[in-house]
Amino acid sequence: MSERGDSVEIAPEVARFDPRDAVPTLAWIGGPLDGRLRLIDQTRLPADCVLIDCTTVGQVWEAIRSLRVRGAPAIGIAAAYGCVLGARVRPTSPDAVREALHTAVERLRTARPTAVNLFWALERIGQAADRSHARTAEALLTELHTEATAIESEDRRTCRAIGAYGATLLRGLRGVLTHCNAGGLATADYGTALAVLFTAHEQGQALQVYADETRPLLQGARLTAWELQRRGIPVTVICDSMAAHVMRQGWVQAVIVGADRIAANGDTANKIGTYGLALLARAHSIPFYVAAPTSTFDPTIADGSQILIECRDPAEITHGSGRPTVPKGVSVYNPAFDVTPADLIDAIITERGIIQPVNYDQIARTLRESTRPQAHQA
Ligand code: MRU
């Protein structure tokens, strides 16, 4: 059952793909009225390359909740398409579509609490419905689908821009450490933190990447290593606990990560373990960079203390490898994210340029140039 008591719907597997093929992380197949959302099921990588098709908002909710689709921008895009699936269950009139959309939005809001891109995307779809003068249900659904498509294609451009800006910070470096997965799998395409590495690689820079495995769900080992290997970028997976040792050897000259929500002052929520890495980087005089689109900023919160941190099922720790790894009855704490204070972040790389130093004024200046809607709540 979902948090609202709805039964959980799991999208069926519809195809397998060859990992050498360029398969989009998520794609809308078909028209606005009869189409479906196709996703790579990221819970099954790297062992199985499987595509699933979501045809209901419940399936999109479950896919986000269970991390079949994950990473802040990808969650937002999936939710936007989920709105279209939810809104079209009552295609009798524009008002009926708006009512169904409202129900879908309220459901999707509960999928995961930390990544602000989810709430940002839901708000964009809601605003598209509010400003529409469509006279038929079909016309309104087409407009909602157009907005979802716009969110997806903007993300593609955003990731390329982040890559181009960020690569300028890596010039001359040999080794970089990253955490979790902020790659093409976490976005429409190309990624944020990994976009920077991809661009540097495409520009001919020889980089050795160290990927934290990222306990407990291993996004670094399973997903980041998969993406880097596919692009021919040398990658070495390390356990999270090895980062200090690697830094002390002098093997990395920068750390670069993604973000799930950035407060007005620059405090940044990202995958659990990021804060510790930032402390380690500071202790070793290694620059610590965050790469994120402006849709990941939440100017409605002053600092990171107001970011809601998702706590996930203890089973991810007690049975992470499919068999018991913790004695039965022992309590487990499983926060999915932590908050890195702004003063540990040397720069934030956005599609609008590099924010450096990271502080309220610099962030406000960058966001003022943006057309993003304001005021969204978890
Ligand atoms: O729990 P996940 O896998 O959704 O966590 C993802 C991250 O923490 C990413 O670093 C973040 O969403 C940025 S993705 C471009």
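How far apart are the end C-alpha atoms of helix α4 (residues 116-131), and what should its 16 residues span at 1.5 Å a residue?

Tutor: Happy to! This is a predicted model, in which local features need a pLDDT of at least 70, side-chain atom pairs count only at pLDDT 80 or more, and totals for chains, interfaces and linings use all residues. Residues are numbered from 1 along each chain as its sequence is written, and side-chain values use heavy atoms, with hydrogens and water left out.

Now to your helix. The end C-alpha atoms of α4 lie 23 Å apart, which agrees with the 22 Å that its 16 residues should span (the expected span is 1.5 Å times one less than the number of residues). Helices (H or I, at least four residues) and strands (E, at least two) are DSSP runs, numbered from the N terminus. Of the 16 residues in α4, 13 are buried, and this helix is mostly covered. Buried means under 20% relative accessible area, exposed over 50%, and partly exposed in between (1.4 Å probe, protein chains only).

Helix α6 (residues 193-202) is largely enclosed by the rest of the structure, because 8 of its 10 residues are buried. Those buried in α6 include Leu194, Val196 and Phe198. After α6 comes Gly204, with a positive phi near 95 degrees.

Glu227 is buried but has no salt bridge, and the nearest side chain of opposite charge, Arg231, is 5.3 Å away. A salt bridge needs a side-chain nitrogen of Lys or Arg within 4 Å of a carboxyl oxygen of Asp or Glu; Lys and Arg count as positive, Asp and Glu as negative, with His and the chain ends not counted.

The loop between β6 (208-212) and α7 (219-230) holds Pro216, and the peptide bond from Arg215 to Pro216 is cis, with omega near 0 degrees. Leu218 lies in the loop between β6 and α7, and has a positive phi of about 65 degrees although it is not a glycine. Most residues other than glycine have a negative phi, and most peptide bonds are trans. Another cis bond joins Gln356 and Pro357, with omega about 5 degrees. Leu67 is a further non-glycine with a positive phi, about 70 degrees.

Finally, how confident is the predictor? The protein chain averages a pLDDT (confidence in each residue, from 0 to 100) of 96, and 96% of the residues score at least 70. Over residues 371-378, however, the pLDDT is below 50, although this stretch has 29 contacts in the model beyond near neighbours in sequence. Where pLDDT is low, the predicted coordinates should not be read in detail.

Notes: pLDDT = per-residue confidence, 0-100. Contact = heavy atoms within 4.5 Å.
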